[in-house]
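Biologist: Please place the model before us, and let us then study it by question and answer.

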Amino acid sequence: MAKKDGIRIAIAGLGNCASALIQGLHYYTPERCETGVVGLMHTEIGGFRPCDIKVVAAFDVDARKVGQDVATAIFAKPNCCVVFEPNIPESGVTVQMGQVLDGISPHMENYEDDRTFIRATAPELSKDEIVAILRERRVDVLLNYMPVGSEQAARFYADCALEARVGFVNNMPVFIASDPAYAKKFTERNVPIIGDDIKSQVGATITHRVLTDLFAKRGIKLLRTYQLNTGGNTDFLNMKNQERLVSKKKSKTEAVQSVTKARLEAENIHIGPSDYVPWQNDNKVCFIRMEGHMFGDVPLDLELRLSVQDSPNSAGVVIDMVRCCKIALDAGIGGVLTGPAAYFCKHPPQQFTDDVAYEMTEAFIKTKPAAKVVAAE
């Protein structure tokens, strides 16, 4: 049975993706959901609509966000997410100082304040303090939005979720759900987890996967491919530090390799962020090239350019992950949610083609008892 105030979430990292998510929770009003909406894969899951999700705790380390109401923090620099819902009421939830750990790359100190992170001087909360907050505020699901390469910080918040026994959605490419040791911990504690590394609604990786799967199904031999991406948000700036890209490149590359008919040699596949272009802000531009042979060993080349607003492109997927986590909690299901992880994430514990993962996710949603919801005030 759902809590009367819907789904209560905590967010670790109030960056562009969190801004898009929170704007969306207010954009998709009950009225819009009743009359039909654009941009959602599911208007309802388990009886929950986007407007039934409520932020009750938030953690960040930036001086312009810590101490601010969530409604103010999501529009603070260095965020540059497009504003599609400006009418965000004060939430009454103050952003609290999280753990920095490896969340700020040293190279980001060399950029202008409006483009980079400014570490807050507030004392960092301990693990025990964060766990206590998650419990006191009756959090259902904790979302991890740490910057790429934040291995320690991501595991820190995963450990907090385990200790507090709240669902965990790992939106970034640190391998937690796909780490057998962590997956076992979530199963043993009967805590649901979806991860790792979110796929956008229609982003570079999901598009590349679909095209690769199409080649395989239509008898085209894929010989070589690349995916190049540029953007101007803090995610792309953070990723200029190549040492932070190991997990990200592996996640994106394996997402495509997993749907090839035959794995490509490493020299024939290149997938990953390519450059930081400040004036692009949250606009991400992707270039995909695929070379192969078709009937009679005749060459075939495909080139594609995709331009998207990066953060809104992931927000609808997060809303679905949160709701799947919640219905698992209500049904007493713990551990990795295999179907949703495969459908929503680039690096799940088990890879499936997207059509198979979609069917698994739909089956998961339909077989779980719908919760009776009273919308949050």
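Biologist: Which residues have the most contacts inside the largest nonpolar core?

Modeller: This is a predicted model, in which local features need pLDDT of at least 70 and side-chain atom pairs count only at pLDDT 80 or more, while totals for chains, interfaces and linings use all residues. Residues are numbered from 1 along each chain as its sequence is written, and side-chain values use heavy atoms without hydrogens or water. A nonpolar core is a set of buried (under 20% relative accessible area, 1.4 Å probe, protein chains only; over 50% is exposed and in between is partly exposed) Ala, Val, Leu, Ile, Met, Phe, Trp, Tyr and Cys residues joined through side-chain atoms within 4.5 Å. The largest one has 44 residues, and those with the most contacts inside it are Ile-9, Ile-11, Leu-14, Leu-21, Val-70 and Leu-143.

Biologist: Which element gives the most to this core?

Modeller: Helices (H or I, at least four residues) and strands (E, at least two) are DSSP runs numbered from the N terminus. At least two core residues come from each of strands S1 (7-12), S2 (53-60) and S4 (141-144), and from each of helices H1 (16-27), H3 (70-73), H10 (312-331), H11 (338-344) and H12 (354-367). With nine residues, the element that gives the most to this core is H10.

Biologist: Are H7 and H9 roughly parallel or roughly antiparallel to each other?

Modeller: The axes, lines fitted to C-alpha atoms over the stretch in contact, form angles from 0 to 180 degrees between N-to-C directions. Those of H7 (residues 204-217) and H9 (residues 246-257) come within 8 Å and cross at roughly 25°. Angles under 35 degrees count as roughly parallel, over 145 as roughly antiparallel, 65 to 115 as roughly perpendicular and the rest as oblique. H7 and H9 are therefore roughly parallel.

Biologist: Which residues of H9 make the contact with H7?

Modeller: On the side of H7, the contact is made by Ala-204, Thr-205, His-208, Arg-209 and Thr-212. On the side of H9, it is made by Lys-252, Ala-255 and Val-256.

Biologist: How far apart in space are Lys-221 and Asp-297, C-alpha to C-alpha?

Modeller: Lys-221 lies in strand S7 (residues 221-231) and counts as exposed because its relative accessibility is 55%. Asp-297 is in the loop between S9 and strand S10 (299-309), and its relative accessible area of 55% makes it exposed. The two are 76 residues apart in sequence, while their C-alpha to C-alpha separation is 8.6 Å.

Biologist: What is the value of phi of Asn-281?

Modeller: Asn-281 is found in the loop between strand S8 (269-276) and strand S9 (283-293), and it is partly exposed at a relative accessible area of 28%. Asn-281 is a residue other than glycine, yet its phi is positive, with a value near 50°.

Biologist: Which residue does a cis peptide bond join to Lys-77?

Modeller: The residue concerned is found in the loop between H3 and strand S3 (96-97). Omega of the cis bond is about 10°, and the partner of Lys-77 is Pro-78.

Biologist: What is omega of the cis peptide bond from Gly-195 to Asp-196?

Modeller: Asp-196 lies in the loop between strand S6 (192-194) and H7. The bond from Gly-195 to Asp-196 is cis, with omega near 5°.

Conventions:
Contact means heavy atoms within 4.5 Å.
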